[in-house]
Amino acid sequence: MGDHKDQHLRVGAAVRRRRRALELTLAVVSERSGLSVPFLSQIENDRARPSQSSLEKVADALRTTAVELLAAADPACSVDVVRAEDPDPELAPKVRSLVRGHHQMHASEFTGDHDAGRELQYRNDQLMFVAEGAVEIEAEGRAYRLGRGDTLYLTGGVRHRWRATVPDTRLIVVAVAEHIEAVREGPRR
């Protein structure tokens, strides 16, 4: 049913599809990610579950995001409930996908600290909402401090990084999926 309680998230097929779509070998992905070819093969065949850090390295090597790979890993559902008390065992405790499946929109919850040194850039627009705590977001050469209830909207293509400034911060990120070609309308005549 919609809860998917008994289904395990299988990211291997999504990684393989993305790698093949880019016409990359496992050796190239290994070189780009710093992960071994055997480990990547195990991921693709669902014999190994990558940590969040490893999944981010694979995603970077495949020019996508861990959220996109996770979203592509589960079949799309028209209605799906992701319960707070049922954390996804496939994900590290610091990130939780709030939307499963291959959809036009993705949402993730980040709890606690984050790799503030990692610069992010997404193809499409995203909204960042501070559910608890506080964050500092650097975008376009400026620093923005956000507290509980604050939001920041980023247009696609904006390079940014963020960090939690308070323990147990919860940041919700909602974004248009990377596989969607968001087209900007020109001036109306």
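I started with strands β2 (residues 105–111) and β8 (residues 170–176), which pair in the antiparallel sense over 7 bridges. For pairing I require at least two DSSP bridges between two strands. Strands are DSSP runs of E, at least two residues, and helices are runs of H or I, at least four residues, numbered from the N terminus. Thr-111 has Arg-170 in β8 as its bridge partner.

The model is predicted: local features need pLDDT of at least 70, side-chain atom pairs count only at pLDDT 80 or more, and totals for chains, interfaces and linings use all residues. Residues are numbered from 1 along each chain as its sequence is written, and side-chain values use heavy atoms, with hydrogens and water left out.

Next I looked up the sheet around β2 and β8. It is open, has 5 strands in the order β1-β2-β8-β3-β6, and pairs antiparallel. I read an average twist of 20° from one strand to the next.

Then I turned to β4 (residues 134–139). Of its 6 residues, 5 are buried (under 20% relative accessible area with a 1.4 Å probe, protein chains only; exposed is over 50%, partly exposed in between). β4 runs antiparallel to β5 (residues 142–147), joined by 6 bridges. Ile-137 has Tyr-144 in β5 as bridge partner. The two strands form a hairpin with 2 residues between them, and Glu-140 in the turn has a positive phi of about 50°. β4 also runs antiparallel to β7 (residues 160–164), through 5 bridges. There, Ala-139 is bridged to His-160.

I moved on to the helices. α2 (residues 26–33) packs on α4 (residues 52–61) at about 115°, with axes 8 Å apart. Axes are lines fitted to C-alpha atoms over the stretch in contact, and angles run from 0 to 180 degrees between N-to-C directions. Val-29, Arg-32 and Ser-33 of α2 meet Lys-57, Val-58 and Ala-61 of α4 (contact: heavy atoms within 4.5 Å).

Last, I checked the cores, meaning sets of buried Ala, Val, Leu, Ile, Met, Phe, Trp, Tyr and Cys residues joined through side-chain atoms within 4.5 Å. The largest has 18 residues; Val-11, Val-15, Leu-40, Val-58 and Leu-69 touch the most other members. Helices α1 (12–21), α2, α3 (37–44), α4 and α5 (66–73) each supply at least two of its residues. Apart from this core lies another of 16 residues, including Phe-110 and Ile-137.
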